[in-house]
Amino acid sequence: MRFGNVSTLALLAAAVAIAAGPTGSWTAQLPGGRSGSSRQIVLALDATGAQLKGYVKTAQYEDLIVEGKINGNEISFVGERQSGNGQRVNYTAVMNGDELKLSIPGRQGTREVEFRRTSTEVPPPLPPKVNLPEPKPVRANGLAKTPPMGWNSWNKFHGQVNDQVVRQIADAMASNGMRDAGYLYVNIDDTWEGQRDAQGNIQSNSKFPNMKALADYVHSKGLKLGIYSSPGPKTCAGFEGSYQHEEQDAKTYAAWGIDYLKYDWCSAGRVYTPSSMQGAYAKMGEALLTSGRHIVFSLCQYGWQDVGEWGAKVGGNLWRTTGDISDRWEAMSRIGFDNQLGREKYAGPGHWNDPDMLEIGNGGMSDTEYRTHMSLWCLLAAPLLAGNDLRDVKPDILQILDNKEVIAIDQDKLGKQGVRVAKDGDVEVWARPLADGGHAVGLFNRGASAAKVTAKWSDIGIQGSHKVRDLWAHSDLGKISNEYSADMPSHGVVMLRIAK
Ligand code: GLA
């Protein structure tokens, strides 16, 4: 039977949709973004009167609805991320029959995503999560006695990294002085992963036809190869993770000749309770130890759950302390100056705080700002992983990355992370003690206009007269008593080495 142009079936479906209210399962496709892989997002709603339960689920995360309201065709709810950090996300939606527009807040602003209803049934609950006990300490692997140095593909290439890019980067590092300055690891970040074979072995995707051959090539250049995975079923870009394949993957990496693993929490909160985080990392820490190869273990879980307290115990050589850096002064300076305070007690030979990879040379900051970025990371005893396109690097950028006197501060054998010793408005002085009894000192002007900055010997814990060298000007300043002052441009740095 037809009423005008509308079939009975369509009318019936509309009636069911209205009767069901928002209850049911809804799906949408999210565009891929930088990683290039699009992802499905499921919205599961169970409405009783004005009350709402359910969840939002992607391959990467689950947000459990902890508060929800329905007001006519408008819905609002709070999702608690099942990730291990208790993050809460405020969602709003407008429903129209079997269509629904959801506003999803995110770091890049709010996105409007169109959903279609796939069922009016009450959706199944989220599956229960695995709960791992607190792990036994993992034996230290003896690696990374100084902070790891190298390159990582993510900041510049995102999903565009491939075998050829990695080879060309290795060529560049071997010939442009970077390898000789200490940059050894060539690290492939997310998006290399393919499917597992019938035995469950992870395979690389078509961008990386032969990982073993690539490792051989990188090794032939006197460099080392790094790779990336997740303790969850999926990586942050939606590729295959190591969940339930930890030992097998560690053995595969070893067989390929991998020297470094970045292990990114990503979707792990979908399968593990928050208190399982240490256990999930320890699993891979153990697996790497027994893989038959020396592999640096880099934890990436954005600094959650006081990772400094346990990162080394699960076998970590370094652990991220924050969310992702970006190529902007605000992001870099917030992470470098503000988010590292108080973490110095966790750093030392073999185990380092990681304020994220370098953005030097990616174009979003001035050379002055990139010098500040480099100086600060070296004072922080941070891993130095260049994140730019080294195949095509301007000489002034190379000079920043290759400044051996500044790198020597980062790689100082004492391994003591620097601290802020003075702050006056936008002006800061940072210092770290060095193995030879001297000190490295950074004078920083974070302000928008030029300023005079003074480093007082008493703030650094020294007295009297000392030989001082300017590590960016590469010049000796002579013997200086009590303090050193410099007029500095906005966002500038002066980096000094004060002799014993
Ligand atoms: C997370 C990490 C980044 C990068 C991406 C890859 O966001 O913090 O450093 O590895 O995942 O998907």
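# A disulfide, a cavity and a ligand site

With -95° about the S-S bond, the link between Cys 236 and Cys 266 is left-handed. Cys 236 lies in the loop between strand S15 (224–229) and helix H6 (246–256), and Cys 266 in the loop between strand S16 (260–264) and helix H7 (277–289), so the pair ties together parts that are 30 residues apart in sequence. The model described here is a predicted one.

A disulfide is a covalent bond between the sulfur atoms of two cysteines. The structure holds one such link, and the two sulfur atoms of Cys 236 and Cys 266 are 1.9 Å apart. The partners can also be described by their accessibility. Cys 236 is partly exposed, with a relative accessible area of 27%, whereas Cys 266 is buried, with a value of 12%.

Other cysteines also deserve attention. Cys 300 counts as buried, at 1% relative accessibility. Cys 378 is likewise buried, and its relative accessible area is 0%.

Rolling a probe the size of a water molecule over the atoms shows where empty space is left. In this model the count comes to one cavity of 30 Å³ or more, and the largest cavity holds about 60 Å³ of space. Which residues line the largest cavity? They are Asn 152, Asn 187, Tyr 260, Lys 262, Ser 298, Leu 318, Arg 320, Asp 354, Asp 356, Met 357 and Leu 385. Strands S16 and S18 (318–320) each supply at least two residues of this lining. By class, the lining has four nonpolar, three polar and four charged residues.

An N or O atom in the side chain of Lys 262 is 2.8 Å from an oxygen atom of the ligand. For Asp 190, a polar side-chain atom lies 2.8 Å from an oxygen atom of the ligand. In the case of Asp 324, an N or O atom of the side chain is 2.5 Å from an oxygen atom of the ligand.

Two further residues complete this account. Gln 417 is found in the loop between helix H11 (404–410) and strand S21 (419–424). Is Gln 417 buried or exposed? Gln 417 is buried, with a relative accessible area of 6%. The side chain of Gln 417 is joined to that of Asn 353 by a polar contact of 2.7 Å.

Lys 57 has its place in strand S5 (residues 51–57). At 27% relative accessibility, Lys 57 counts as partly exposed. Between Lys 57 and Ala 174 there are 117 residues of separation in sequence, and the two are 44 Å apart in space, C-alpha to C-alpha.

Note on methods. Residues are numbered from 1 along each chain as its sequence is written. This is a predicted model: local features need pLDDT of at least 70, side-chain atom pairs count only at pLDDT 80 or more; totals for chains, interfaces and linings use all residues. Side-chain values use heavy atoms; hydrogens and water are left out. A disulfide is a pair of cysteine sulfur atoms within 2.5 Å. Helices (H or I, at least four residues) and strands (E, at least two) are DSSP runs, numbered from the N terminus. Buried means under 20% relative accessible area, exposed over 50%, partly exposed in between (1.4 Å probe, protein chains only). On a 1 Å grid over the protein atoms alone, a cavity is a set of points where a 1.4 Å probe fits but cannot get out, and a pocket is an open set with protein on both sides within 12 Å along at least five of seven lines; lining residues have an atom within 4 Å of a point. Grid points are joined across faces, edges and corners, and a volume is the space filled by probe spheres set on the points. Ala, Val, Leu, Ile, Met, Phe, Trp, Tyr, Cys and Pro count as nonpolar, Asp, Glu, Lys and Arg as charged, and the others, Gly among them, as polar. A polar contact is a pair of N or O atoms within 3.5 Å; within protein, one must be able to donate a hydrogen and the other to accept it, and residues adjacent in sequence count only if both atoms are side-chain atoms.
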